[in-house]
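Open your viewer and keep the selection tool at hand. We will go from stop to stop, and each one tells you what to select and what is there.

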Amino acid sequence: MTRNSHLFYQTRARRPMLAEAKGVYMWDVDGTRYLDGSSGAMVSNIGHSDPRVIEAMRRQMDKSTFGYRLHFESEPGEKLAEKVASLSPEGMEKVFFVSGGSEAVESAIKLARQYAVTVGQPSRWKVISRSPSYHGSTLGALALTGYAPLTDPFLPMMQAMPKIPAPRAYLDGLDLNDPATGLHYAAMLEAKILEEGADSVLAFIHEPVGGASTGALVPPAGYMKAVRDICDRHGVILIHDEVMSGGGRTGKFMGAEHWDVAPDIIAISKGFGAGYTPLGAMIAHERFVEPVLDAGGFMHGHTYAGNPLACAAGLAVLDVVETDGLMQNAARIGALLKSRLQDLMQRFPFIGDVRGEGLLLAFELVSDRQTMTPLPKALSAYLELVELAYAQGLIIYSRRTRDGIEGDHFLVCPPMIATEDHVEEIIDKLTIALDQFAAKAGPALAR
Ligand code: PMP
């Protein structure tokens with residue numbers, strides 16, 4: 001589709017104009033219906049246009065749409081912070097609002113740094129992260145991102161941060177359920193801390209359940225706890241980036257709850273505002289916040305932070321998640337969708353792996369399932385399959401990261417309100433798209 005426009009995003013690719021969205025469906029101006037099988041970018045957790053959230057926003061708009069946080073506190077802000085703290089691990093009582101995921105990550109590393117300076121550890125500034133990973137597009141969050149196509153052009157403008165491999169057991173031929181696997185990958189963190197010098201390392205950040213960069217990567221047995229222990233041993237602050245995995249999509253409010261591990265600081269966004277408003281938060285254990293506030297304050301903030309309208313929307317979203325039992329539904333429907341995606345592996349030998357937790361699910365295409373060899377880059381599977389699905393009225397989300405290191409993966413993450421019927425519709429449309437892709441790709445695919 002070509003259309004002249006003053007608007008631009010990443011590429012020249014254009015999409016139809018959105019007319020309406022309700023529940024799990026979206027319609028373009030020509031009346032074509034799409035099943036939102038990726039909740040946008042894993043955002044629209046409670047589905048589109050829930051009247052209860054719209055009504056809560058309307059009520060707030062009638063009162064006030066904006067009050068600058070240095071001039072006024074707001075009741076929705078106070079209530080939302082209380083609610084978020086109650087849903088967070090014990091002791092994580094302090095909530096700092098922002099308007100998106102990158103802002104939440106920036107806030108997390110800046111609070112960590114200011115804490116270190118405040119308590120007399122100014123030598124600590126390095127934030128170790130994993131590769132591949134995605135932590136945001138602003139320069140601070142980008143420096144933590146392990147994804148060369150996004151970072152390379154900007155390297156001279158950023159502080160290089162140390163990276164360790166993400167625990168991709170399925171690529172390394174290791175058993176996800178063997179605790180030795182978790183220890184193997186966690187040991188890489190300890191080695192990196194020692195290599196850098198522990199007294200220079202401020203924090204370690206990772207996604208408990210991976211997002212776009214790894215395609216719903218689930219940590220191996222033993223990994224989460226071993227990472228927590230290593231951070232404690234070396235005085236390194238543990239930050240969980242739950243921007244995508246938080247908010248209930250995995251079946252629990254925080255992804256890390258599946259492994260019963262609490263970090264020191266958490267970043268959330270995406271499903272927290274669920275597409276009704278730009279909203280995110282940094283949640284910190286009070287032991288990091290109090291010294292910084294005592295020492296003169298947190299030198300960081302964004303204009304729209306904690307505005308009453310965004311907070312009213314966030315409160316209403318959480319209310320819908322709880323009232324409608326959507327975390328339970330995400331766990332139940334997620335298990336069904338995962339098993340139906342696994343069924344597709346019989347028909348399509350080029351599906352190498354199906355993974356994820358709750359409704360944060362992905363599958364990966366390969367040319368050899370045994371060796372997990374990626375598909376040839378020239379096939380552009382990550383673009384092709386998405387287009388074929390789109391033509392069927394199914395939206396999925398894809399990524400191809402570096403050639404030879406990993407392949408094409410596809411996130412299938414419908415809103416948490418999805419039903420059994422929606423699962424079947426997704427699988428039917430995906431089957432058609434995969435058949436079409438196989439016919440087009442020909443002998444390059446595993447058979
Ligand atoms: N962290 C993770 C894990 C993400 O998935 C994203 C968004 N894809 C971000 C941070 C950045 O969020 P935003 O795009 O809202 O800035």
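Is the crossing of H3 and H11 left-handed or right-handed? Hold that thought while we set the ground rules. This is a predicted model, in which local features need pLDDT of at least 70, side-chain atom pairs count only at pLDDT 80 or more, and totals for chains, interfaces and linings use all residues. Residues are numbered from 1 along each chain as its sequence is written.

**Stop 1: H3 and H11**

Select helix H3 (residues 75-87) and helix H11 (residues 308-323). Helices here are DSSP runs of H or I with at least four residues, strands are runs of E with at least two, and both are numbered from the N terminus. The axes of H3 and H11 come within 8 Å and cross at roughly 40°. That angle makes H3 oblique to H11. Axes are lines fitted to C-alpha atoms, for helices over the stretch in contact, and angles run from 0 to 180 degrees between N-to-C directions. Angles under 35 degrees count as roughly parallel, over 145 as roughly antiparallel, 65 to 115 as roughly perpendicular and the rest as oblique.

Now the answer: the crossing of H3 and H11 is left-handed. Left-handed says that the near helix is turned anticlockwise from the far one by less than a right angle; clockwise is right-handed.

Show the contact residues. H3 brings Pro76, Gly77, Lys79, Leu80 and Lys83. H11 brings Pro308, Cys311, Ala312, Gly314, Leu315 and Leu318. Two residues are in contact if their C-beta atoms, placed from the backbone, lie within 7 Å. By class, this contact has seven nonpolar, two polar and two charged residues. Ala, Val, Leu, Ile, Met, Phe, Trp, Tyr, Cys and Pro count as nonpolar, Asp, Glu, Lys and Arg as charged, and the others, Gly among them, as polar.

**Stop 2**

Select the ligand. Which residues come nearest to the ligand? Of the 15 residues around the ligand, they are Gly100, Gly101, Ser102, Gly211 and Val243. A residue is near if its C-beta atom, placed from the backbone, lies within 6 Å of the molecule. Helix H4 (residues 101-118) gives the largest share of this shell, three residues. The shell has six nonpolar, seven polar and two charged residues.

H4 passes H10 in a left-handed crossing. Leu111, Gln114, Tyr115 and Thr118 of H4 make the contact with Phe288, Pro291 and Val292 of H10.

**Stop 3: two loops**

Go to the loop between strand S5 (126-131) and helix H5 (139-144), where you find proline 132. The peptide bond from serine 131 to proline 132 is cis, with omega near -5°.

Next, pick alanine 216, in the loop between strand S7 (201-206) and helix H9 (223-233). Its phi is near 55°, a positive value in a residue other than glycine.

**Stop 4: H13 and H14**

Select helix H13 (residues 381-391) and helix H14 (residues 420-441). Their axes come within 8 Å and cross at roughly 130°. H13 and H14 are therefore oblique to each other. H13 passes H14 in a right-handed crossing. Residues of H13 in the contact include Leu385 and Leu388, and those of H14 include Leu430 and Phe437.
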